[in-house]
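Please open the model in a viewer and keep the selection tool at hand.

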Amino acid sequence: MGYLNRDALNSLGLKHLGENVLISDRCSIYNPEAIEIHDNSRIDDFCIISGSVKIGSFNHITPMCLIAGGLPGIVLDDFCTLAYGVKIFAQSDDYSGETLVNSLVPKQYKKEKCLPVHLSRHVIVGAGSIIFPGVIVAEGCSIGAMSLINHSTEPWGIYHGIPAKRVKARKRDLLLLEKKFLLERGL
């Protein structure tokens with residue numbers, strides 16, 4: 001895996017580019033003028049980032065993830081992790097058959113669901129999970145692999161399933177580790 005050097009990163013034309021950002025040379029970025037990537041974040045191979053997207057600090061987006069912000073937008077606060085193959089959508093077609101679908105059809109013939117998505121601090125999303133438009137994943141949540149998140153979550157929960165349900169509380173020990181980690185780095 002190769003990462004873009006700083007000159008190549010600057011040439012992307014991102015709305016905001018933080019320090020110590022790593023983006024794979026095999027990542028596809030669309031609408032860079034609407035994308036913010038903050039300090040110490042990393043995007044790996046075969047990811048697609050498009051539309052309005054804000055990626056906070058110390059985030060890791062592992063291979064084969066899709067973050068489709070569209071117009072409503074997707075925000076990942078600090079210390080989020082997306083495991084392999086996670087897909088996040090801020091827009092979705094109406095599958096009922098009442099309207100036409102797909103990006104080649106003019107909007108007047110469609111009924112898209114367009115709502116922002118927000119992943120709060122310290123969220124980890126397991127491999128192959130999908131997050132739908134309008135969802136807020138609350139602080140500290142852990143989403144199990146292959147889960148479907150179609151409703152917002154409560155803070156510090158462990159969720160999994162299709163659709164995902166809260167199965168238990170998640171420990172908050174990582175908050176102490178975060179303080180130590182940032183203090184050691186002078187942040």
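Begin by selecting Ile23. Beyond the residues up to four places away in sequence, Ile23 touches Gly2, Tyr3, Leu4, Leu9, Leu12, Leu14, Ile29, Ile37 and Ile43, where contact means heavy atoms within 4.5 Å. The model is a predicted one, in which local features need pLDDT of at least 70 and side-chain atom pairs count only at pLDDT 80 or more, while totals for chains, interfaces and linings use all residues. Residues are numbered from 1 along each chain as its sequence is written, and side-chain values use heavy atoms, with hydrogens and water left out.

Next, select Ile43, Ile61, Leu82, Leu119, Ile131 and Val137 together with Ile23. Of the 37 residues in the largest nonpolar core, these touch the most other members. A nonpolar core is a set of buried Ala, Val, Leu, Ile, Met, Phe, Trp, Tyr and Cys residues joined through side-chain atoms within 4.5 Å. Here buried means under 20% relative accessible area, exposed means over 50%, and partly exposed lies in between (1.4 Å probe, protein chains only). At least two residues of this core come from each of β4 (35–37), β7 (53–55), β10 (74–76) and β15 (117–119). Such strands (E, at least two residues) and helices (H or I, at least four) are DSSP runs, numbered from the N terminus.

Now turn to the sheet. In which order do the six strands of the open sheet stand? The order is β3-β6-β9-β12-β17-β20, with parallel pairing; two strands pair if DSSP finds at least two bridges between them. Because β3 (28–29) and β20 stand at the edges with a single partner strand each, one side of each is left without a neighbour in the sheet. Select β17 (residues 130–131) and β20: two bridges join these parallel strands. Ile130 has Leu148 in β20 as its bridge partner.

Select Ser147 next, in the loop between β19 (142–143) and β20 (148–149). Is Ser147 buried or exposed? With 2% relative accessibility, Ser147 counts as buried. Apart from neighbours within four places in sequence, its contacts are Ser129, Ile130, Tyr159, His160, Gly161 and Ala164.

The following stop concerns charged side chains. The structure holds 12 salt bridges, each a side-chain nitrogen of Lys or Arg within 4 Å of a carboxyl oxygen of Asp or Glu. Select Glu178 and Arg121, whose side chains meet in one of them (2.1 Å, N to O). Glu178 lies in helix α2 (residues 174–184) and Arg121 in the loop between β15 and β16 (124–125), so the pair ties together parts that are 57 residues apart in sequence. Glu178 is buried at 10% relative accessible area, whereas Arg121 is partly exposed at 25%.

Select Arg185 and Glu184 as well: they form a salt bridge whose closest N and O atoms are 3.8 Å apart. Elsewhere, salt bridges that share partners join Asp93, Lys107, Lys110 and Glu112 into one network. Within that group, Glu112 and Lys110 form a salt bridge, with 3.5 Å between the closest N and O atoms.

Finally, select Phe46, Met64 and Tyr84. They form a nonpolar surface patch with about 360 Å² of accessible area together. Patches of this kind consist of residues with over 30% relative accessible area and no salt bridge, with nonpolar side chains (Val, Leu, Ile, Met, Phe, Trp, Tyr) joined within 5 Å and, in charged patches, like charges joined within 9 Å; areas come from the Shrake-Rupley method with a 1.4 Å probe, and for residues only the protein chains shown count as cover. Tyr84 is placed in the loop between β11 (81–82) and β12 (87–89), and at 48% relative accessibility it counts as partly exposed.
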